[in-house]
Every structure is written in C-alpha cells, then in structure tokens.
Amino acid sequence: MTAVTQPPSQPKPVTDLSRDDARRLALRAQDLLGAPDRRAGVRGMLRRLGAVQLDTISVLARSHELVPYARLGAVGRPAVEAAYWADAHSFEYWSHAACILPIEEWPHFAFRRRARRAKGHRWHVMEDSERSCAAVLDRLKADGPLTTTELGGGRKGGEWWDWSETKIAVEWLLDTGEVVCTRRRAWKRVYDLAERAVPAELLHDDLADAECLRRLVAQAGAALGVATRADLADYHRLKAEQVDAVIADSGLVPVEVEGWGKAAWADPAALAAPPRGRHRTTLLSPFDSLIWDRPRTERVFGFTHRLEAYVPRPQRIHGYFAMPLLTGGRLRGRVDPAREGSTLVARQVSMDGRSAVAPMAQALREAAAWVGCDAVRVERCDDPALAAALRTELDRRQPAG
C-alpha cells in the first residue's frame, strides 16, 4: 500500500492498493484471515460482520450456521443458535435480505421503518388493517412471544404469497417496528412486542435518516475492508444516492484499487495495520457475506459464482447448493454437498488445479465431522484426474470400515 500525494484540489490523500492488498483487506474484515477471536465467539463475529443472512435452504446446515462455522470452526449448532438469540442479543430484520442483526443496530434501521410506515402497506393488502394489527398486538401482550401459527394465522392456500390476514398484519408490524422477530423456531419467526424485546435504551427511532445511513455505510465499509459505492450500497441494500449523501462523513477514506476502475473507499483502521495471519481453509455458504455480492466476488477474487438452487436441474452447472472452497485466501473450487446417513456426499466437485485437491479434502473432512458424518463420498468431478486424486486423498485419511 502506498500513499499518493494529491494536488491541492484534492481534500484527502488517496491510498493506492494492489489487487492482493484489496483481497487481503476483504478477508481480514470478514474474519477469514488471522486467528479467529474465539473468546468473542459467534456474538463477536456478528458484531464485526454487522449482518448474517438467513435462508430457508438447509443442506449441511442453514446458512446462518455455516457463517460462524467458516470463521470459528466446529461451533456446536445449538451453541450458535443460543449465541444469536439469547439475552436479547440480536433481532431479525431487513438488511442485505432477511438477516440476523446485532441488537445495538436497532436504532440505525429507523430510516427503513419510517420508510415502510410512510408507504402505508406491504405488497399484501389487509381487509381491515387496524383491527387485524390490534388483534395481533393484544395477543402478543397477553401471551408473550408467538409464531404466526400460534397467533392463528398462516397461509390461506398452498402458496407462500397467499397469506392470512393475521400473517399480513404481523409482518407489517415487523416492518414498521412495533413487533420484533426474536428468534426462529422450527424455521418459523417468533414475534414479540418491541417494547419487551428491545432494551429500553435502544427502543427509539430518534436518529435522523442521515445519521442512520452514515452508521450503516461506515459499518459496511468496516465489514468489507475496501469497497466501491455499489459494494457499500449492497451490504445493507441501500440506494446509491443514500451512500453518496453520507460517504464524506462516514469516516471511510478514498482509495484506488488496481484494476477496479471505480472509486473506492476503505476502513482507515484496516489500512493502519497490513493484514497478516493464517488463512482459513473452509467451505462457504453461497449466502456468506464474503461472497453474497456476485459482482464484487468476481472483482475481488476473479471467481464467478451463482446460486443454482432455483435453476432447473438440467440447466445447473455446479449443483443445487454449490459451496465455494476458500483456501490460501483464494476461492479455488466448489462442491455441491448432501448427506446420506453418516456420509457426506460431494455430489459435484470442481477444483482449480491439482494444488486445490488437498485443501478440498481437508474442507470436506472438517465439514463432515462438524455435521456428524464419519465418511465422505465423491460422486462427480468435472476433471477425472482431479477426481481420482481427491478420492485418493480422502481414502488416505479416512478411517477404514
């Protein structure tokens, strides 16, 4: 990294970063370079990332469990859930998508709650919104945290969008901040009154939109290490003009990254200490915040990745839930995993050359052990020679029988 002196018209010096500088900054910012902070655990990881995306798909585990696994190793799945939800530590709301967020960020999403209230409705329309919302609030007040089913709602028909009046009402109250999702139970949201679920000192919408946006842009910058305007906007799904309005006061500093060809900003704390340490070898959820932004993933890692779960089977290239292999600070392959009893099945594998074979075997063995499997079986690989090498590597290290 080299600082370049700018002409007097430039208010700040600009730091030049190489592609590798940017990649290492991104990895460290995402807790994937250097020793993990095991004392802070899952909760510390959530604070640093700022958001962990939720998704319905569960293959090895659900995505919000795979994210701490990738950073901290074999954290027990019940311990992950407890770390997220116990003691009013977090809440679920709309960030990059439906995400688990640190509870201290509640005030900073006031701008979004206000925008939802100003809109006046969701895409679902209630027949009697005032009566339905009042009924939901009365039930929660009387009976405590409840799911939609326990509130007496759900789907009217078989389709996800065919919601009951109660479901529409409670989701509207979630959007606008009168109720909070405090955890998931059997993958159903559990709702509670905001006044009961959010600590009193945080339960307010007092912050102006500009202050909310400034905080979220700064947080995104810290979680990304170095980012373009589009990267910063995508992290919490802000608009480009919202980022533009606050970037100068966010604390992030302008940088130029080799080959990016776009304006970029970096976290000054990240620039102050060059990223060093051990690289993690692991499989990543497709919804991991390191790679959830596909254009950024291609720019930072030179790696094209798409989730194919919703692509018709004959059109899939890498599989239903292909998980990228991170090793040596680079993305070196993919595997589409499944479980059959106590065997982790690598249904489809691709690797970036022979040197990726041992890391892939290591990542598969560790993932298998984490989910309680004692064997790994490789079904398909796009390179027969690499497939044979991977099977040999796995056989060499797996216990017989």
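A residue is called buried when its relative accessible area is under 20%, exposed when that value is over 50%, and partly exposed in between, with a 1.4 Å probe and protein chains only. By that rule arginine 296, at 6% relative accessibility, counts as buried. The model is a predicted one, in which local features need pLDDT of at least 70 and side-chain atom pairs count only at pLDDT 80 or more, while totals for chains, interfaces and linings use all residues. Residues are numbered from 1 along each chain as its sequence is written, and side-chain values use heavy atoms, with hydrogens and water left out.

Arginine 296 is found in helix α14; helices (H or I, at least four residues) and strands (E, at least two) are DSSP runs, numbered from the N terminus. When its neighbours within four places in sequence are left aside, arginine 296 is in contact (heavy atoms within 4.5 Å) with Ala26, Leu224, Val226, Ala227, Asp231, Trp260 and Phe301. A polar atom of the side chain of arginine 296 lies 3.0 Å from the backbone oxygen of leucine 224. That pair can be read against the definition of a polar contact, which is a pair of N or O atoms within 3.5 Å; within protein, one must be able to donate a hydrogen and the other to accept it, and residues adjacent in sequence count only if both atoms are side-chain atoms.

Arginine 316 lies in the loop between α14 (294-301) and β12 (323-327), and with a relative accessible area of 22% arginine 316 is partly exposed. Not counting residues up to four places away in sequence, arginine 316 touches Glu308, Ala309 and Val311. The side chain of arginine 316 has a polar atom 3.1 Å from the backbone oxygen of glutamate 308, and the side chain of arginine 316 also reaches the backbone oxygen of valine 311 at 3.0 Å. Arginine 316 and leucine 394 are 78 residues apart along the chain, and their C-alpha atoms are separated by 26 Å.

## Helix α3 and the helix pairs

Helix α3 (residues 63-72) is mostly covered, with 10 of its 10 residues buried; among them are His64, Glu65, Pro68 and Arg71. Just after α3, glycine 73 takes a positive phi of about 90°.

Two packed helices are described by the angle between their axes and the distance between the axes. Axes are lines fitted to C-alpha atoms, for helices over the stretch in contact, and angles run from 0 to 180 degrees between N-to-C directions. The helix α3 packs with helix α15 (residues 357-370) at an angle of about 125°, with their axes 12 Å apart. That makes α3 oblique to α15, since angles under 35 degrees count as roughly parallel, over 145 as roughly antiparallel, 65 to 115 as roughly perpendicular and the rest as oblique. From α3, Glu65, Leu66 and Tyr69 meet Ala363, Glu366, Ala367 and Trp370 in α15. The residues of this contact of α3 with α15 divide into five nonpolar, no polar and two charged, where Ala, Val, Leu, Ile, Met, Phe, Trp, Tyr, Cys and Pro count as nonpolar, Asp, Glu, Lys and Arg as charged, and the others, Gly among them, as polar.

The axes of helix α5 (residues 110-119) and helix α8 (residues 165-176) come within 7 Å and cross at roughly 135°, and α5 and α8 are therefore oblique to each other. Arg113, Arg116 and Arg117 of α5 make the contact with Trp172, Asp175 and Thr176 of α8. The residues of the contact of α5 with α8 divide into one nonpolar, one polar and four charged.

Isoleucine 100 has its place in strand β5 (residues 98-102), where isoleucine 100 counts as buried at 0% relative accessibility. Leaving aside neighbours within four places in sequence, the contacts of isoleucine 100 include Leu46, Val52, His64, Trp85 and Phe91. Isoleucine 100 and alanine 134 are 34 residues apart in sequence and, C-alpha to C-alpha, 26 Å apart in space.

Aspartate 31 lies in the loop between α1 (19-29) and α2 (41-49), and alanine 88 in the loop between α4 (77-85) and β4 (90-94).

| Residue | Phi | Relative accessibility |
|---|---|---|
| Aspartate 31 | positive, about 65° | 18%, buried |
| Alanine 88 | positive, about 50° | 33%, partly exposed |
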